[in-house]
Amino acid sequence: MTQIAQSALEAAIKEYRDPYLNKDLFELDAVKTLNADDNGQVTLMVELPYPSKGIAGGLKQIVTNALEGVDGVENADVHVGQKIHACKINKDISPVAGVKNIIAVASGKGGVGKSTTAVNLALALSAEGARVGILDADIYGPSVGMMLGVPEGKRPDVRENKYFVPMQAHGLQANSMAFVTTDKTPMAWRGPMVSGAVMQLLEQTLWDELDYLIVDMPPGTGDIQLTLAQKVPVTGAVIVTTPQDIALLDGKKGIELFRKVDIPVLGVVENMSVHICSNCGHEEPLFGHGGGERIADDYDTTLLGQLPLHMTIREQTDSGQPTVVAEPDSEVARRYRDIARRVGAELSTRERNLGGTISSVSVTEH
């Protein structure tokens with residue numbers, strides 16, 4: 001292959017710019033192989049740094065068309081994959097075995113759809129090709145198990161009387177205090193007990209090579225949240241709010257909490273952005289308009305997405321079939337997957353953890 005042909009191929013590939021990172025494939029170091037034989041057959045291997053299954057087909061088609069427009073190219077074979085790295089955290093906390101990145105999903109107050117967002121974000125990351133787990137850290141109101149359709153009373157297997165085997169649900173690895181207690185167990189615990197229970201669930205679960213572990217944080221910004229934020233090696237946080245003024249005030253407190261403990265805020269999700277009537281489809285901003293965008297601008301972060309207030313989201317989540325799996329081709333599922341790609345893309349820009357592969361706990365089968 002001549003140098004001119006090589007330059008022409010690279011120029012064709014550069015026509016594609018990643019929609020989330022706004023760079024071409026060479027700037028992203030995503031071109032792993034570019035070969036051309038004497039018969040005009042071009043083979044390109046692309047490896048994106050974030051969960052991107054939803055855009056892989058479009059990328060492949062665009063680049064294939066561009067390459068086939070180069071003189072001498074008879075056929076182009078484009079392969080698109082992904083490789084997610086572990087990000088370096090800003091604190092001297094040991095990583096969790098088997099987990100590359102921990103994403104905290106938090107809110108300054110309850111009732112904004114934080115858990116629904118956490119579950120659908122986890123499912124969306126999984127649908128985009130990542131290995132994902134979810135930890136329900138809301139000890140007082142654990143709901144992740146119900147949302148994922150885990151049968152009531154089902155308990156995780158235990159290894160060596162110490163390690164939990166995570167539940168499997170819709171392709172996710174999951175653990176929750178609800179899996180090891182009953183709904184009649186009173187959680188009359190003080191802050192240190194709650195923090196200790198969450199840390200036990202986090203560190204004594206046999207997470208299996210996760211790219212991301214989503215932690216559904218308790219609502220609020222009190223002692224429990226601060227302690228968890230300081231003890232858990234969180235890579236980044238996602239703040240869930242509604243457009244309502246009081247929710248925005250609490251959302252700002254959530255952002256301030258993570259800034260205080262030096263955890264990057266990856267962005268804001270505005271939930272219940274607009275109400276969609278289940279009968280006529282009419283849309284109305286019941287809780288105000290533009291609040292998520294304002295808080296993102298005020299704190300120099302990103303509005304990751306806006307989600308509607310729609311009856312089907314609640315019905316699907318309550319039935320253990322969240323929207324991303326119940327209606328994967330719906331507009332709402334598309335929005336969740338877009339948020340997932342934005343979160344993954346943002347994390348891909350962070351400094352890598354160069355300490356090697358995150359180790360897993362070794363246990364003996366009995």
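The second largest cavity holds about 40 Å³ of space, in a predicted model. A whole-structure search turns up two cavities of 30 Å³ or more. Here a cavity is a set of points on a 1 Å grid, over the protein atoms alone, where a 1.4 Å probe fits but cannot get out, with lining residues having an atom within 4 Å of a point.

**Second largest cavity**
- Its lining includes A106, S107, G108, M217, Q225 and F258.

**Largest cavity**
- The largest cavity comes in at about 50 Å³.
- Around it sit I102, A104, L135, V198, L202, V215, M217, L228, V232 and V234.
- β4 (99–106) and α5 (191–203) each put in at least two lining residues.

**S195**
- S195 belongs to helix α5.
- S195 counts as buried because its relative accessibility is 2%, where buried means under 20% relative accessible area with a 1.4 Å probe, protein chains only.
- Setting aside neighbours within four places in sequence, S195 contacts I224, T227 and L228 (heavy atoms within 4.5 Å).
- From S195 to D223 it's 28 residues in sequence and 9.5 Å in space, C-alpha to C-alpha.

**Ground rules**
- Numbering starts from 1 along each chain as its sequence is written, and side-chain values use heavy atoms, without hydrogens and water.
- Local features need pLDDT of at least 70 and side-chain atom pairs 80 or more, while totals for chains, interfaces and linings use all residues.

Methods:
On a 1 Å grid over the protein atoms alone, a cavity is a set of points where a 1.4 Å probe fits but cannot get out, and a pocket is an open set with protein on both sides within 12 Å along at least five of seven lines; lining residues have an atom within 4 Å of a point. Grid points are joined across faces, edges and corners, and a volume is the space filled by probe spheres set on the points. Helices (H or I, at least four residues) and strands (E, at least two) are DSSP runs, numbered from the N terminus. Buried means under 20% relative accessible area, exposed over 50%, partly exposed in between (1.4 Å probe, protein chains only).
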